[in-house]
Amino acid sequence: MSSTVLQVSGLGVTFPGLFRSTSILRGIDFEVAAGEVLGLVGESGCGKSMTASACLGLVPSPGLVTGSISIDGQQVIGRPESELRTMRGSRVAMIFQNPMRSMNPFFTLGRQMIDVICCHRSVSRLEARSLALSDLKAVRIPDAELALEKYPHQLSGGQIQRALIALALSCRPRLLIADEPTTALDVTVQAQIVSLIRRLADEKGLAVLFITHDLGIVSQLCDSVAVMYAGRIVEKGSVEAVIDHPLHPYTKKLLGTVPTIGRKAHELVSIPGNVPDPALVPPGCAFRDRCDQATDICGETQPPTSMFEQDHTVLCHHAVRARQITESQ
Amino acid sequence: MNPASTPSLLSVAGLRKVYTTRNGTIKALDGVSFDIAAGETLALVGESGCGKSTLASALLGLASFDAGTIAIDGDAITARSNWTKLPPRRDVGVVFQNPQSSLDPKMTIRSIVGEPLQMVGARGDALTRRVTGLLSQVGLGPEFLKRYPHQLSGGQQQRVAIARALALEPRILILDEPTAALDVSVQAQILKLLKALQVRTNVSYLFITHDLGVVDYLANRVAVMYLGRIVESGPVADVFADPRHPYTQALLDAVPVIDPSRRRQQAPLDGEVPSPINRPSGCSFSPRCRWATNACRAHDPELCEDGGGRANACFHPLNVGKSA
């Protein structure tokens, strides 16, 4: 029985405007247990990164956050900034997309790591140095001793990303939020980072919220996956259930758009149209205009959440029918 | 498509480019040779720093090169033949990775797509008609003529960039990661468009990418680059089904596959692409290769023909006995 580390329920983020307000997130529910890797997938502008910011209490003003986010039993929303500061880094850590921009180019890797460790734990700089060293070794940086003395520009993108993971984990957080950590890296290095994150989740019981747009990585790395569209999670469940038997038409199409080696060329699906403007999301189902199974009801009411076995949830009016079709095949 | 039977439209032979820096010389391109036939797509694959983009700049005349020849339909230019003699640019179009930075934000779509046409004397109504025609080729209506790039989505911007590249009816289009900045659903639209355009106009593509799935969808032949050299080339289906060079195999293994049952198989390739400044002796892949022997570290393998239009640069090619 694994314990829940991150629990998000009814999360909404709205930016008030002069004439109309823009809802970026419109009711997000998910949870991540210790040792679990949850993949959050979606196209740009669907609210993936805003979900991550909300979990860290970093929604920029004047954004209004509603709902509940609890990390290790502690509520994030409404907590004073000073308490959030101690929480960030010690309980929750985050790694970002572009490793080069996450480090200060003026200081050595060692200096930056020691600063962070001293800030969160009551240790001397010398002790912090040896902690940093062992953390770097844990993420398998070659010549860790030497790497501590190097400036960020002297390290490669893959090494910096490893160092950032080491830095993120140096204060033993329970939850790691990774916002597209491999997008800026080459495929062979990406494979190394993905296997590193998997190992950390398995060995240290780290809960990971992995944000990506690459369904391939999700299927290689994650235990469960949540597919987002226009500020809502439209399908959620174990990787096997969602990838092998997708029930939401958006998930089905998204899987079809990825060109895969060895698949017949004519099978490539393209989704017509674009993601709706968050300020002008149509009533009813947000995917209706791009969906080929849409009926009148899709334009009128917000689809209910349909539950299937193993916590596989789908936000679609036609999910039950889709399920019957899949089963009969 | 067999390069021996069809005359090649673009032929590159022994292309070399060396950058001299304070820390030493960088061989960005170290003897690159390939051919592209009319209506064919050659995909150029490799990780960052392997020379893909330097090669594109050399073909476009944006960078000089130190040795070798670039011939377009027999019209060859050689290195240092004359600084002013650029490749026949009208025959080569280009689409860059990020449409937001390759379209001028102060120009309307009409002037962006019409600019190359003005170079050849088109003006007024004739220009508008031609631009409308080009836009309809890429699936955009005439209502886009007066819009500015920021009013368009990423996919529409990339369509405009493709329309501009096609304006002078080039015979070769260099596509430098044209879908890397786009979402997958939009990427699929652009890939379908590129395929349809090729069928209609018989234009050749040099497709630079690091996404092997896209290669399999769009390309006829593939060339894998590592540290400024082509290490393996051949028809896409053959190379991907049965890679000969260990680096090609490693790249294929590193691609995340959408198939949860194939999860957590083997340890990925160790190490990273070495810096081109201190290139390893012998085969440049040998420090990362699990099959490397002393011969690999001492001598440099040449790109050798392998039958079936394939070639590889490896002393110990994989799977040779299997297919023979």
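1. Helix α6(A) is largely enclosed by the rest of the structure, because 11 of its 13 residues are buried. A residue is termed buried if 20 or more other C-beta atoms lie within 10 Å of its own, exposed if 12 or fewer, and partly exposed in between, with C-beta atoms placed from the backbone. The buried residues of α6(A) include Gly158(A), Arg162(A), Leu164(A) and Ala168(A).

2. This is a predicted model, in which local features need pLDDT of at least 70, side-chain atom pairs count only at pLDDT 80 or more, and totals for chains, interfaces and linings use all residues. Residues are numbered from 1 along each chain as its sequence is written, and chains are lettered from A and ligands numbered from 1 in the order in which they are written.

3. Helix α6 of chain A, residues 157-169, reaches 18 Å from its first C-alpha to its last, close to the expected 18 Å; that expectation is 1.5 Å times one less than the number of residues. Helices (H or I, at least four residues) and strands (E, at least two) are DSSP runs, numbered from the N terminus. Among the elements covering the buried residues of α6(A) are β6 (92-95), α3 (109-120) and α7 (187-204) of chain A.

4. Pro80(A) lies in the loop between β5 (74-75) and α2 (81-90) of chain A. Pro80(A) counts as exposed because it has 8 C-beta neighbours inside 10 Å.

5. Chain A contains 12 helices and 12 strands. Of its 329 residues, 45% count as buried. The C-alpha atoms of chain A fill a box of roughly 65 × 50 × 40 Å along the principal axes.

Notes:
Two residues are in contact if their C-beta atoms, placed from the backbone, lie within 7 Å.
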